[in-house]
Amino acid sequence: MTRILIIGAGGVGRVVTHKCAQNPEVFTEITLASRTLSKCETIARELDGAIRIASVDADQVQETADLIRKVDCELVINVALPYQDLTIMEACLEAGAHYVDTANYEPRDEARFSYEYQWPYHQRFQEKGLMALLGSGFDPGVTNVFTAYTLKHYLDRIETLDILDCNGGDHGLPFATNFNPEINIREITANGRYWEQGNWIETPPLSVHQPFTFPEVGEKEMYLLYHEEMESLCRHIPDLQRIRFWMTFSEQYLNHLQVLQNVGMTSIEPIRIGKVEIAPIEVLKAVLPDPASLGPLTKGKTVIGTIAKGVKHGVPRRIYVYNVCDHQECYREVHSQAVSYTTGVPAMIGAKLMLTGDWMRPGVWNMEQFDPDPFMEALSQNGLPWQIQELDPHATLDP
Ligand code: NDP
């Protein structure tokens, strides 16, 4: 009997809940809790009532710990927002449950997400015999596992690593974000940053870009961004000399974003309008389409993967590991588009490997610190098959 609690009934929460329900041999009792109960009710209806639901404000440690105790769950999957990571970790420690998330903590008043808030919990989790698995989404998440897999099977050492995230999907709307707009826009409008020879190098937002021909999608312009998995990978992958992250955006998306930025709508600094104080980005979030509503509209594919350059038995090699995911196929299966799907499936797999014991180790861990093989196998079995391409190690185009 394994009871789990999923917190957050957004786009990703829907996929995790569906996917856990598809694996009843591991997840025997599922409770979905979120701030707005009606969102949990909708998902419960999709699953013919096979799950329990509850409402919770996960900003409140005590309230969350009380729910964990009431549900009597072994593990909590946090797919609320990065702002809730620490309160949910505290609640897990208090009530005695393992923890999984898909995004690292970010303070509300500062667009700065980092593992430095969560790594210090290592000893407290270890002392309680509990485990916290950080970043079990796609990127971070699967990209960390792809890196560990490349290192285990294809390269003796990885010298440079590029993570490439392409969303070749189109929802037909002038401007919308594929996941939570506030988190998404905060990530994109921040300075770009990559890591080389032990140093972080900053670049102005979206200033470094190049075309890349993605499998099944074709050529897209991709932009250098800071992304959270780099923080743990540069720490855990030995011999790494450089790591960069790239994401594709359409010209239309960037033009809209530029205008919104120019008029101050992406700012997280609260402004006063009459008696109300609110950050412009929260207003923007309220007027933009709900990412969950994009599911039925989005056509096309995502291609996310890693290109690692290094050496095997003294011979240079360049290995591309990637997954292609079709928005409409995801929607048919779980009523969500591929961005939520590619995050929710790995969250379920991370939880499953912890509960089956394959990845169970008290403390706070990142994905690349575990044997990648069972995770890679589970990806193929649960809707995210991957491919490997050997690229020319001497190609001049980089990556
Ligand atoms: P959504 O905004 O669609 O959903 C978030 C959900 O969390 C909503 O149901 C929201 O409730 C709920 N929530 C927010 N605050 C609280 C709270 N205090 N207590 C309880 N519930 C709360 O986001 P997504 O589903 O798109 O994203 C979920 C997470 O996944 C985010 O952390 C995101 O950063 C991460 N992510 C990770 C990716 C990866 O590859 N690693 C990729 C994409 C997303 P309400 O509806 O009431 O607001």
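**Notebook: a strand, some salt bridges and a ligand**

The model I am reading is predicted, so local features need pLDDT of at least 70 and side-chain atom pairs count only at pLDDT 80 or more, while totals for chains, interfaces and linings use all residues. I number residues from 1 along each chain as its sequence is written, and side-chain values use heavy atoms, with hydrogens and water left out.

**Entry: strand S4 and its neighbours**

I looked up which strands sit beside S4. Strand S1 (residues 3-7) pairs with S4 in the parallel sense over 4 bridges. Strand S5 (residues 98-101) also pairs with S4 in the parallel sense, again over 4 bridges. My note on the terms: two strands pair if DSSP finds at least two bridges between them, and helices (H or I, at least four residues) and strands (E, at least two) are DSSP runs, numbered from the N terminus. In S5, Asp101 stands opposite Asn78. From S4 the chain crosses through helix H4 (residues 85-95) to S5, and this β-α-β crossover is right-handed. That word describes a clockwise path from the first strand over the helix to the second, with the strands pointing away from the viewer.

Next I asked myself: are the residues on the two faces of S4 buried or exposed? In a regular strand the side chains alternate between the two faces of the sheet. For S4 (residues 75-78), Leu75 and Ile77 lie on one side, Val76 and Asn78 lie on the other, and all are buried. Here buried means under 20% relative accessible area, exposed over 50%, and partly exposed in between (1.4 Å probe, protein chains only).

**Entry: salt bridges**

Side chains of opposite charge can pair when their charged atoms come close. I used this rule: a side-chain nitrogen of Lys or Arg within 4 Å of a carboxyl oxygen of Asp or Glu. The count comes to 19 salt bridges, and I followed up a few.

- Arg14 and Glu46 meet at 2.8 Å, N to O. Arg14 belongs to helix H1 (residues 11-21) and Glu46 to helix H2 (residues 37-46), so this pair ties together parts that are 32 residues apart in sequence. Arg14 is buried at 11%, whereas Glu46 is partly exposed at 26%.
- Arg69 and Glu94 meet at 3.0 Å, N to O. Arg69 is in helix H3 (residues 61-71) and Glu94 in H4, so parts 25 residues apart in sequence are tied together. Arg69 is partly exposed at 40%, and Glu94 is partly exposed at 36%.
- Glu106 and Arg186 meet at 2.5 Å, N to O. Glu106 sits in the loop between S5 and helix H5 (122-127) and Arg186 in helix H7 (residues 181-189), so the pair links parts that are 80 residues apart in sequence. Glu106 is buried at 2%, and Arg186 is buried at 3%.

I also found a network: salt bridges that share partners join Arg3, Glu29, Arg52 and Asp72.

**Entry: the ligand**

How many residues surround the ligand? I noted 28, and the closest are Arg35, Thr36, Lys39, Ala58 and Thr102.

Then I looked for polar contacts, which are pairs of N or O atoms within 3.5 Å.

- An N or O atom in the side chain of Asp57 is 3.1 Å from a ligand nitrogen.
- A polar backbone atom of Ala58 is 2.8 Å from a ligand nitrogen.
- An N or O atom in the side chain of Gln84 is 3.3 Å from a ligand nitrogen.

Taken alone the ligand exposes 930 Å², and the protein buries 92% of that. These areas come from the Shrake-Rupley method with a 1.4 Å probe.

Most residues other than glycine have a negative phi, and most peptide bonds are trans. I went looking for exceptions.

The peptide bond from Asp139 to Pro140 is cis, with omega near 10°. Pro140 lies in the loop between strand S6 (131-134) and helix H6 (142-153).

Asp48 is not a glycine, yet its phi is positive, about 50°. Asp48 lies in the loop between H2 and strand S3 (52-55), and at 72% relative accessibility it is exposed.

Gln197, also not a glycine, has a positive phi of about 45°. I placed Gln197 in the loop between strand S8 (192-196) and strand S9 (199-203). Gln197 is exposed, at 55%.

Terms used:
Near = heavy atom within 4 Å. Polar contact = N/O pair within 3.5 Å; in protein donor to acceptor, adjacent residues only side chain to side chain.
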